[in-house]
Amino acid sequence: MERRKTRKVKVGRIEIGGDAPISVQSMTNTDTRDVDATIKQVLELEAAGCDIVRLAVFDEACANTIEEIKKVTDIPLVADIHFDYRLALAAIEKGVDKLRINPGNIGGYSEVQKVVSAAKERGIPIRIGVNSGSLSREILDRYGNTPQAMVESALEHVAILEKLGYENIVISLKASSVMKTIEAYRLMSQRVDYPLHLGVTEAGTTFSGTIKSAIGIGTLLAEGIGDTLRVSLTASPVEEVRVGREILKALGLRAYGIEIISCPTCGRCNIDLIRLAERLQEELEGIDYPLKVAVMGCVVNGPGEAREADIGIAGGKGKVALFKKGKVVSTVPEDKALEVLTSEIRNMIGKKGNGAQ
């Protein structure tokens, strides 16, 4: 797929847009004023592979937390701010790496000018975030609640910043409707070359939200649209990161850790394949090494269908065949399958000089 050409902006140590890898973001759900709880969650997100973390900044105490987090990690932080330009200035002062604001709702022109001036001085980008549920009455009267309305609303905010000579901008256009989200980003990608932050807002719980996000974000990425993403789930922020990484992995856009391919089982399967695959997933969690592992239900199709896997197993009656690159190398009892497979995987990684724990 050919990726849409966009400008590049820098958020702390992470680049967004241009030829930079598509980054995965999430947002803490702690009370930002609770320094210890917020730091704990930020570190959990970083450990899960999150590239950028957003914080809700709704008072000065929240802004102060930014400075405390910066003492323990260099993961880029985004301040999510509404209505009060002073909080944006406070966040900048405390070392935030990016702002998420809408220039039209944080104060008058002079207040926006102050924020832009401070952001320019520190080289901090601003994400303009438009949600379909928070469009102005004027926009709704003119365009209805449509993808075009979302685009025009975002462009109004962009115009405010451009008038101040500021173009260090990222744009997001999120709706809870998958199709509305997709169409809004398609339209925006034809209008500007600013990097786009993808997401389906209020996507739902882990199961339904993952499906909606994978379809919405995945469709756009497959069309070459999008430079960073956040999966919005009513779940742990860590789960958002896991899903976001899997979306990128599935599209071949980033290589994250071990990829497990497994068959859906059928009547020929004589081993507890579902449990075996689940336990293998647990065993390999956290190993950030690009390896493809297959867990197949039978030897009839297993090695052949999974010949692209680096290593895998295929079930038989009470035993499994261990294969590498489609070639069977040994057979082992079913109750030893997980132990043998994980041992072989760790040996392969060790021989390639990996430092996975």
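The largest pocket of this predicted model has a volume of about 790 Å³. A pocket here is an open set of points on a 1 Å grid over the protein atoms alone, where a 1.4 Å probe fits, with protein on both sides within 12 Å along at least five of seven lines; lining residues have an atom within 4 Å of a point. A volume is the space filled by probe spheres set on the points, which are joined across faces, edges and corners.

Local features need pLDDT of at least 70 and side-chain atom pairs count only at pLDDT 80 or more, while totals for chains, interfaces and linings use all residues. Residues are numbered from 1 along each chain as its sequence is written, and side-chain values use heavy atoms, leaving out hydrogens and water.

**Largest pocket**
- Among its 27 lining residues, Arg242, Glu246, Lys249, Gln281 and Glu285 are the closest to the centre.
- Two or more lining residues come from each of helix 8 (206-222), helix 9 (237-250), strand 11 and helix 10; helices (H or I, at least four residues) and strands (E, at least two) are DSSP runs numbered from the N terminus.
- Helix 9 gives the largest share of this lining, 8 residues.
- The lining of the largest pocket divides into 12 nonpolar, 7 polar and 8 charged residues; Ala, Val, Leu, Ile, Met, Phe, Trp, Tyr, Cys and Pro count as nonpolar, Asp, Glu, Lys and Arg as charged, and the others, Gly among them, as polar.

**Second largest pocket**
- The second largest pocket has a volume of about 280 Å³.
- Of the 16 residues lining the second largest pocket, Asn102, Asn105, Ser134, Ser153 and His157 lie nearest its centre.
- Strand 7 (126-131) and helix 6 (147-163) are the elements that each give two or more residues to this lining.
- By class, the lining of the second largest pocket has 4 nonpolar, 10 polar and 2 charged residues.

- Five strands form an open sheet in the order 11-12-13-14-15, with mixed pairing (two strands pair if DSSP finds at least two bridges between them).
- Strand 11 and strand 15 (327-333) are at the edges with a single partner strand each, so one side of each has no neighbour in the sheet.
- Strand 11 (residues 258-262) and strand 12 (residues 291-296) pair in the parallel sense over 5 bridges, and isoleucine 258 has leucine 291 as its bridge partner in strand 12.
- Strand 14 (residues 319-324) pairs with strand 15 in the antiparallel sense over 6 bridges; leucine 322 stands opposite serine 330 in strand 15.
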